[in-house]
Amino acid sequence: MLEVRDVHTYYGDSYVLQGVSLEVAQGQVVALLGRNGMGKTTLIRSLIGFTPPRRGRVVFKGTDITGWASNRAVDLGIGLVPQGRRVFPSLTVAENLAVAARRPGGPWDVARVMTLFPRLGERAGHRAGKLSGGEQQMLAVARALMTNPELLLMDEPTEGLAPILVREVGKVIADLKAHGLSILLVEQNLAMALGVADHVHVMSRGRIVHSCPPGALWNDTEVKTRYLGL
Amino acid sequence: MDFWISQVFNGISYGALLFLLAGGLTLIFGMMRIINLTHGSYFLLGGYVGLTVIWRTGSFPLAILVGAVAIAVLGVVQWRLFLHRLAGEELGQVLTTVGFALIFQDLALVIWGGEPYTIPAPAALTGAFNTGTLYFPVYRVFMIGVAAVVAVVLWFVLERTRVGAMMRATVDDAEMAGGVGIDVRRISMGVFALGALLAAGAGVVGGAFVGVYPGADFEILPYAFVVVIVGGMGSLRGALIGSLLVGLLDNFGKALFPEFSYFTLFAPMAAILAIRPTGLFGRA
């Protein structure tokens with residue numbers, strides 16, 4: 001589904017991604033762990049086209065999408081739940097969903113995302129900027145689903161959420177996976193990530209330094225202390 | 001009493017013309033944050049193109065249509081080749097657009113000469129409604145009508161359609177708008193074209209009212225910016241209220257204190273901005 005081959009990305013002069021390669025297979029959840037500032041968000045930004053890589057290849061469904069404008073990547077089937085939610089604050093909840101509707105004929109429409117998140121239905125006419133953090137997070141996920149993605153990029157969907165909502169998000173991810181969606185998940189919450197992932201990569205200083213099945217990481221104190229600060 | 005009624009009417013009709021111009025600027029400058037000093041040139045060039053169409057065909061509606069569309073195309077070319085590369089670079093935008101304004105001014109002088117013209121209004125729009133002592137020129141009523149229709153259509157498109165929501169999403173967070181599949185380039189180009197179209201249409205409509213002459217571009221430009229800034233950046237309602245306010249202030253200033261007319265226009269502006277720096281309806 002997604003192949004990232006030796007991607008190098010810069011912010012101006014600062015060399016952030018120093019050769020990252022990974023794969024996400026059809027229907028898999030791949031978790032990307034690591035401390036802040038290690039390049040996880042930059043990798044997501046490189047994949048969606050916000051910060052195109054300077055070298056390397058991003059191949060999605062067999063198409064080389066390196067350096068594509070974001071909207072073209074979305075049209076090809078990549079959905080984004082960005083870090084910090086980034087809902088459109090001056091738009092209502094309903095408008096946030098409507099502007100993201102893409103790839104008609106796909107499984108997701110307004111009615112269906114509102115069944116998944118009933119809270120958004122109750123708030124349909126409210127400005128997104130006035131929602132609580134948890135509601136904004138649900139809206140960010142719902143909005144990404146409206147693009148009918150085959151691959152979902154989720155950048156810290158549990159950031160700043162109360163523990164009960166973290167479990168809620170974990171359930172939603174498991175649910176989406178059950179629907180056959182492929183997911184690349186950046187997370188700080190280790191328990192949640194390991195609960196849903198099929199495979200785990202650990203990033204440090206712009207490189208992937210460790211890759212393993214989720215079960216193996218639980219017991220790997222060395223990797224956990226060294227790269228995750230646990 | 002008659003004096004006040006007719007001055008209020010005059011102020012509102014001038015405000016209506018300003019709204020046509022400033023409505024476009026509130027899209028380009030207020031929403032997309034492009035400081036476009038060519039906006040007055042669109043007004044003037046629209047007037048000149050309209051004038052030529054009237055000379056050739058005698059059709060006033062065709063003059064509005066061709067003038068507006070031709071200048072919208074010019075605006076798109078200017079945006080496509082220059083302005084979209086200068087996102088967020090105010091200095092570059094100011095220099096580029098003021099350069100274009102000067103180029104367009106000279107081109108207009110070469111093509112249409114230095115004579116002042118007035119676009120002949122169609123017979124149906126000449127004359128006046130007469131109510132005894134009061135006198136309302138039909139053309140001014142027509143301008144108010146056009147501005148009202150444009151205001152309603154713009155409001156509807158921006159607030160009630162999906163494309164309008166996509167424009168507002170782009171203003172909120174352009175990068176993220178791309179991240180949900182919105183073609184931000186196309187939206188920006190469309191907004192810019194619409195702004196130029198409105199300004200040029202205003203130039204044709206206004207050409208039968210204030211005339212078409214060299215210098216009209218730089219004369220009307222500050223008014224448009226004052227309207228947008230006082231009304232509040234990117235607010236359609238602000239542009240509407242701001243236009244009426246500026247139209248009335250300008251009119252009363254000129255009627256009551258002709259030697260202080262700039263003072264009566266700009267002093268209230270300064271006062272409003274001192275109290276509300278984001279303008280009357282601006283977002284913080």
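From the N terminus on, the elements of chain B follow the order α-α-α-α-β-β-α-α-α-α-α-α-α, with helices (H or I, at least four residues) and strands (E, at least two) being DSSP runs that are numbered from the N terminus. In total, chain B has 11 helices and two strands. Its radius of gyration is 19 Å, close to the 19 Å that the globule rule gives for 284 residues, so chain B is as compact as a globular protein of that length; here the radius is taken over C-alpha atoms, and the rule is 2.2 Å times the number of residues to the power 0.38. This is a predicted model, in which local features need pLDDT of at least 70 and side-chain atom pairs count only at pLDDT 80 or more, while totals for chains, interfaces and linings use all residues; side-chain values use heavy atoms, with hydrogens and water left out. Residues are numbered from 1 along each chain as its sequence is written, and chains are lettered from A and ligands numbered from 1 in the order in which they are written.

Taken along the principal axes, the C-alpha atoms of chain B fill a box of roughly 60 × 50 × 35 Å. Of the 284 residues in chain B, 52% are buried, where buried means under 20% relative accessible area, exposed means over 50%, and partly exposed lies in between (1.4 Å probe, protein chains only). Chain B exposes about 12,400 Å², and carbon and sulfur atoms supply 71% of this area; accessible areas come from the Shrake-Rupley method with a 1.4 Å probe, and for residues only the protein chains shown count as cover. Among the contacts (heavy atoms within 4.5 Å) in chain B between residues at least 6 apart in sequence, 77% join residues at least 24 apart.

Two residues of chain B can be followed in more detail. B:R33 sits in the loop between α1 (2-31) and α2 (39-57), and it has a positive phi of about 60 degrees although it is not a glycine. B:F218 belongs to helix α9 (residues 216-231) of chain B. With a relative accessible area of 31%, B:F218 is partly exposed. Not counting residues up to four places away in sequence, B:F218 touches B:A101, B:L102 and B:Q105. The C-alpha atoms of B:F218 and B:T38 are separated by 9.1 Å, while the two residues are 180 apart along the chain.

Turning to chain A, the model shows 10 helices and 10 strands. A compact globule with 230 residues would have a radius of gyration near 17 Å, and the 17 Å of chain A agrees with this. The C-alpha atoms of chain A fill a box of roughly 45 × 35 × 30 Å along the principal axes. Buried residues account for 53% of the 230 residues in chain A. The accessible surface of chain A comes to about 9,400 Å², with 51% belonging to carbon and sulfur atoms. Among chain A contacts between residues at least 6 apart in sequence, 68% join residues at least 24 apart.

Helix α1 (residues 40-48) of chain A is mostly covered, with eight of its nine residues buried. The buried residues of this helix are A:K40, A:T42, A:L43, A:I44, A:R45, A:S46, A:L47 and A:I48. A:T42, in helix α1 of chain A, is buried with a relative accessible area of 6%. Leaving aside neighbours within four places in sequence, A:T42 is in contact with A:T9, A:Y11, A:V16 and A:L17. After α1 of chain A comes A:G49, whose phi is positive, near 95 degrees.

Two glutamates in loops of chain A complete the picture. A:E156 lies in the loop between β7 (151-155) and α7 (163-178) and counts as buried at 6% relative accessibility. A:E156 also has a positive phi of about 50 degrees although it is not a glycine. A:E187 is placed in the loop between β8 (182-186) and α8 (190-196). Leaving aside neighbours within four places in sequence, A:E187 is in contact with A:E156 itself, as well as A:L32, A:L33, A:P157, A:T158, A:M192 and A:A193. A:E187 is buried yet has no salt bridge, and the nearest side chain of opposite charge, A:K40, is 9.0 Å away. A salt bridge is a side-chain nitrogen of Lys or Arg within 4 Å of a carboxyl oxygen of Asp or Glu; for charge, Lys and Arg count as positive and Asp and Glu as negative, with His and the chain ends not counted. The side chain of A:E187 does reach the backbone nitrogen of A:N189, at 2.8 Å.

How values were computed. Polar contact = N/O pair within 3.5 Å; in protein donor to acceptor, adjacent residues only side chain to side chain.
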